[in-house]
Amino acid sequence: MIEPWKQRAEAKRRTILESIPQKWRLSPDSIPTADEQPDITGSYMHQFLEQRENEITECDATVIAQKTTSGEWSAVEVTEAFCHRAALAHQYVNCLHEFFPETALEDARRLDAHFKTHQKPTGPLHGLPISLKDQFNIKNISTTMGYISHIDQIPTTESDLVHLLRSLGAVLYCKTSVPTGLMSGETANNIIGYTWNPRNRHLSSGGSSGGEGALLALKGSPLGFGTDIGGSIRVPAAFNGIYGLRTSVGRIPYEGAKNSMDGQNTVPSVVGPMAGSVGALRLAMKSVLGMEPWVYDPASLPIPWRESVEEKVRGLLCGGGEGKKMAFGMFEDDGIMRPHPPVLRAVRLAREVLVKLGHEVIDWNPPSHAEGCSLAYDAYTLDAGHDIITQLTASGETPVPQLAWTLNPPSKSQKTASEIFALNVSKRRWQKAYMDYWNSTASQTTTGRPVDAFICPTTIMAAALPGKHVHPGSTMFVNMLDYSTVTLPVTDVDWEVDTVEAEGYDVRDYEGAPVGLQLIGRQYEEEKILVLAEYISAALRGEDANSGHW
């Protein structure tokens, strides 16, 4: 007899597939295996779409928003195109938990009617489809977070971010897959199985915002939102060759979203946008902050988008003349685990580009990352896995292997108040030591300032093999510091260049996988690091970054 939890999981899988209109469904026999067609990005999906759908979905979110807010494109045609492409994406890589195209098209029709009547958009995101990680509550649509026990828990209210996006004119149409309980660098759960990487379907899409990463890489969404408590935006962004912004705590509203270990505030989870361009991330930030989210969410800070910061950074980058340069820190190896050859090559490529542009790069030798990672792990396991175990027990489901690190902490007992106090003190002291080190770099630069930002690997590997994602500490230390961080794509694994002997590495496993790096600023420097990311990305593409036209 099939266990009840497996029956519920199978029923939910069917429901997700049945939410796809018949005209968009593919015969399972028609979908090639990962061996036959590992990479399904680029033009591969064009065969299933009409020419107009391809034209729309290949556009950047900033271009789409210009056309929908001007009335050149209707919200309906844009929404339908992305719904179709998202449906295809899910059938190939298992990236959706919820799909509601009919509701989305109803919303799009209302937006078109508003534009026809008033001859103006409802807001800067008017008619722009936006995908959401399956953590944000949308009324009457379940938020499972990968738990079978949450399948029938239907929200009656909506997250503050959802409310703001609707007010801005965005069209919501899907919620993307996550690992069970959100606490894994790979997206695997007992509902949809494993979310594969569209660049190489033998590899992981990352986690915990893995469905977002995969969907965006397949252009089934122009812009999405994820969350990050230990790398959950940055790892999927790196694995899928897109951009992801880890904001500082309180910059984007979190209120009303579900979470694992809700109330664990030693290392808070944060919300951030994910997209195919820096411009799309900026559009998301400016739009949401323009709604003054601190009026709705008591944990949001009253920090509007600061264009003056962007202008200052652009001046330093492109102003020309003496002193018009910046200084960057950089490291290849955090002293815990040695990155694979393609990741090391990406760091060296970034260094080469910055030096060629006339900027200064120094070696980054901060306080021990091992200590920061240990503190983060202590925070994640304050309840000894109690919350996750409770949710699993409610359905009787067997945990996926990726949860083992959370469910088997060294201590099986929950921390006392005194132990939590002590952890918070240790965290504060480590943060202070890191800040002091950053400030001390002024003595090593010729700019007379501490480094403006630093660059390092996002993970030790390109997109991971299933069950092989290790060393999340390469992102976790940022969460301990609460630094504003953007992941940007740098290169791809190349058979000819990256065939190098290294422990635990075989280039054949990672062929074609993207390699992304982290660009890290101080707290609440989202404006600054987005300008820097745009500048560096332009240079990596071979464009004239110093022209400022990027």
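Visitor: Where does methionine 145 lie?
Guide: Methionine 145 sits in the loop between β2 (129-133) and α6 (160-167), and please keep in mind as we go that this is a predicted model.

Visitor: And is methionine 145 buried or exposed?
Guide: Methionine 145 counts as buried, because its relative accessibility is 2% and the cut-off for buried is under 20%.

Visitor: What is phi of methionine 145 near?
Guide: Phi of methionine 145 is near 55°, which is a positive value in a residue other than glycine. Asparagine 94 also has a positive phi, near 60°, and is likewise a residue other than glycine; its place is in the loop between α4 and β1 (96-99).

Visitor: Is asparagine 94 buried or partly exposed?
Guide: Asparagine 94 is partly exposed, with a relative accessible area of 24%.

Visitor: Which peptide bond is cis, then?
Guide: The bond from glycine 207 to serine 208 is cis, with omega near 5°, and serine 208 belongs to the loop between β7 (200-204) and α7 (210-217).

Visitor: Okay, new topic. How is the protein divided?
Guide: There is a domain 1 (4-295) and a domain 2 (315-541), and their centres, taken over C-alpha atoms, are separated by 24 Å. Across the two, 53 residues of domain 1 are in contact with 69 residues of domain 2.

Visitor: How many residues has the largest nonpolar core?
Guide: The largest nonpolar core has 114 residues, and those with the most contacts inside it include Phe99, Ile130 and Leu519. Helix α4 (residues 75-93) gives the most to this core, namely eleven residues, while domain 1 (4-295) and domain 2 (315-541) each supply at least three.

Visitor: What else lies apart from it?
Guide: Another core, of 38 residues, lies apart from that one, and Tyr147, Val267, Val400 and Tyr434 are among its members.

Visitor: Back to Ile130, what does isoleucine 130 touch?
Guide: Leaving out residues up to four places away in sequence, isoleucine 130 touches several residues, among them Leu165, Tyr173, Leu223 and Phe225.

Visitor: What about charges? How many salt bridges are there?
Guide: The count comes to 35 salt bridges. In general, side chains of opposite charge can pair when their charged atoms come close.

Visitor: Are glutamate 527 and arginine 251 buried or exposed?
Guide: Both glutamate 527 and arginine 251 are buried.

Visitor: With which residue does lysine 528 form a salt bridge?
Guide: Lysine 528 pairs with aspartate 452, the closest N and O atoms being 3.8 Å apart. Lysine 528 lies in helix α19 and aspartate 452 in the loop between α15 (417-440) and β13 (453-457), so the pair ties together parts that are 76 residues apart in sequence.

Visitor: Last one: which residues form a nonpolar patch on the surface?
Guide: Ile336, Met337 and Val470 form that patch, with about 200 Å² of accessible area together. Isoleucine 336 is in the loop between β11 (327-330) and α11 (341-356), and this residue is partly exposed, with a relative accessible area of 36%.

Conventions
Residues numbered from 1 in each chain as written. Predicted model: local features only at pLDDT ≥ 70, side-chain atom pairs only at ≥ 80, totals over all residues. Heavy atoms only, no water. Core = buried A, V, L, I, M, F, W, Y, C linked by side-chain atoms within 4.5 Å. Buried < 20%, exposed > 50% of the residue type's maximum accessible area, 1.4 Å probe, protein only. Helix = DSSP H or I, 4+ residues; strand = E, 2+ residues; numbered from the N terminus. Domains from an automatic or database assignment. Contact = heavy atoms within 4.5 Å. Patch = residues over 30% accessible without salt bridge, like charges linked within 9 Å, V, L, I, M, F, W, Y side chains within 5 Å. Areas by Shrake-Rupley, 256 points an atom, 1.4 Å probe, with all protein chains shown as cover. Salt bridge = Lys/Arg side-chain N within 4 Å of Asp/Glu carboxyl O.
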